[in-house]
Amino acid sequence: MAGGKETTRQRMINIMYLVLLAMLALNVSDTILDAFKNINDSLDTSKTNVNTGIDQLFSSFENSKLKEEPARAQPIYDKAKQAKAAADDLNNYIEGIKKQFTVAGDGINPETGDLTNRDNQDIAPNLMINQKEGEKLKAKINATREKLISLLDPKDREGVTFSLEAKDPVRKRKGNWQETLFGEGTPLTAAMTILTKLQTDTKNAEAEVVKKLFGNMDKAVVNIDKFAAVAVAPTSYVIQGQPYTAEVFLTASDSRSNPDIAVGGSKLSVRDGKGTYTGGTGSVGVFKWVGTIRVRQTDGQVKEYKTPEQSYQVAKPSANVSSDKMNVIYAGIPNPFSVSAAGFPLESVNASASGASMSKTGAGKYNVLASGSQVGSEVSINVTASNAGKSVSLGSQKFRVKAIPKPTAKVGGRAGGDIASVQLKSESEIEADLDDFPFDVRFKIQRYKLTIIKPRSDAITISGSGGGFAGAVRTAINSITPGTRVFFEDIVSVGPDGRQNVLPSLAFTVK
């Protein structure tokens with residue numbers, strides 16, 4: 001193609017090849033066009049979601065603030081409606097351009113859901129550049145942006161971040177705003193996607209402005225024509241040696257106010273319009289005080305306001321520790337305790353034991369466990385509480401450790417006496433029961449001796465291991481007959497405290 005003699009036919013073929021290459025260069029792949037369609041759909045969904053959120057903001061404001069504080073809410077509501085009207089006007093204007101694109105692009109292809117001539121690269125430049133529609137759109141976007149910003153307070157304008165703005169690119173060789181977005185070579189579907197993005201930007205801008213406007217309802221309003229002196233203390237009951245604190249401040253004041261606040265003639269340190277008073281707690285008793293607030297008015301006069309009389313009580317440290325069962329600790333089992341302290345919430349009170357282990361089971365509830373070796377000794381329950389970030393000792397209380405009482409050996413619920421042979425043969429073990437005891441305690445039989453004396457026969461003695469009837473013991477019991485005497489002796493049991501006990505013998509007469 002570059003040199004040598006060519007026939008007329010060859011030159012024609014070369015020209016057609018060049019035309020084909022040019023056509024291929026101008027053609028946009030379906031993959032790219034589909035990508036634009038997907039982006040457009042995503043932006044359209046986002047726009048719908050933002051619009052729904054805006055409607056919910058209006059509905060919430062109308063049903064709450066506008067009804068509760070109409071005088072204050074109405075001006076804010078009117079500005080929000082102006083923002084909505086401005087955004088809707090721009091959105092509808094863009095929608096009109098999209099309709100022109102749709103008509104020029106032969107409508108929507110039902111198979112793709114996209115424009116029929118979506119790859120057309122002449123429609124968008126012709127309408128937006130040649131017919132100056134892009135220039136009009138640019139002006140309308142910037143005018144809408146200024147309108148939305150003007151509805152905000154000066155402080156709120158500084159934080160505006162929405163992207164609704166039509167600015168020419170920094171590099172002039174790229175052309176102006178409309179040429180950059182809709183210039184030569186822009187497929188129709190890409191131009192449609194750009195318009196959808198502008199609509200989404202519009203809705204986002206509207207949402208940001210409406211949120212800022214409605215947010216003004218939650219800002220504090222200070223009515224400086226009405227004043228009241230207030231003193232607030234977290235508690236009026238404190239422990240000796242711990243500080244008593246209270247806030248003294250002027251209601252309806254803002255952070256810029258700086259009144260003189262004093263108690264008993266002594267000025268307090270003032271921050272954000274509030275003074276903090278720390279009362280003495282070196283001695284026990286009830287203490288009273290009054291706060292005085294002096295405020296300079298706009299006319300230069302100073303007005304004085306006094307708080308109602310406040311009082312607080314200083315008491316000695318004290319705590320209440322009580323066993324939930326009785327005033328002793330039984331070795332080997334969890335003993336439930338309740339711990340509390342006057343003037344302190346249960347969550348701030350903690351207890352520990354000296355000479356035993358103590359575990360917390362809930363607010364103010366504990367279990368104390370002492371070993372069998374502690375029987376006869378004392379356990380101290382120590383109580384502390386958190387106050388103003390410090391741990392305060394509230395005293396301690398002592399409890400005597402006592403052994404669990406000896407249980408009673410029984411067979412079939414009987415501790416001796418007459419028993420039917422059928423019943424005795426049906427029993428499987430010796431049990432150790434503890435009657436009338438506040439705890440549910442389990443004992444184990446370690447060993448015993450069984451003696452059987454049948455009529456006109458010699459006595460037979462068998463040793464049993466554990467509490468069960470097995471082996472030779474079971475055989476001997478199964479052989480009893482009416483008139484037989486049965487004895488369980490040397491019965492040794494062990495409780496949860498690990499201490500062994502020899503239990504009273506059992507004597508049965510078989511009937």
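A residue counts as buried when its relative accessible area is under 20%, as exposed when over 50%, and as partly exposed in between (1.4 Å probe, protein chains only). The model is predicted, and local features therefore need pLDDT of at least 70, while side-chain atom pairs count only at pLDDT 80 or more and totals for chains, interfaces and linings use all residues. Residues are numbered from 1 along each chain as its sequence is written, and side-chain values use heavy atoms, with hydrogens and water left out.

The chain contains eleven helices and 27 strands; these are DSSP runs numbered from the N terminus, with helices being H or I of at least four residues and strands being E of at least two. Of its 511 residues, 39% are buried. Contacts are defined by heavy atoms within 4.5 Å. Among contacts in the chain with a separation of 6 or more, 64% come from residues 24 or more positions apart.

A nonpolar core is a set of buried Ala, Val, Leu, Ile, Met, Phe, Trp, Tyr and Cys residues joined through side-chain atoms within 4.5 Å. The largest has 45 residues, of which F101 and L137 touch the most other members. At least two residues of this core come from each of helix 2 (30-63), helix 4 (70-104), helix 5 (123-130), helix 6 (133-150), helix 8 (177-182) and helix 9 (188-215). Helix 9 contributes the most, with twelve residues. Leaving aside residues up to four places away in sequence, the residues touched by F101 include L115, I123, L127, M192 and L195. Another core, of 32 residues, lies apart from the largest one, and V328, L434, F437 and I491 are among its members.

Rings of Phe, Tyr and Trp (its six-membered ring) pair if their centres lie within 6.5 Å; planes under 30 degrees apart are stacked, over 60 edge-to-face, and the rest tilted. The whole structure holds 14 aromatic pairs. The ring centres of F58 and F214 are 5.4 Å apart and the planes stand at 80°, so this pair is edge-to-face. Because F58 belongs to helix 2 and F214 to helix 9, the pair ties together parts 156 residues apart in sequence. F58 is buried at 5% relative accessibility, and F214 is buried at 8%. The rings of F488 and F508 also form an edge-to-face pair, with centres 6.3 Å apart and planes at 85°. F488 lies in strand 25 (residues 485-494) and F508 in strand 27 (residues 506-510), so parts 20 residues apart in sequence are tied together.
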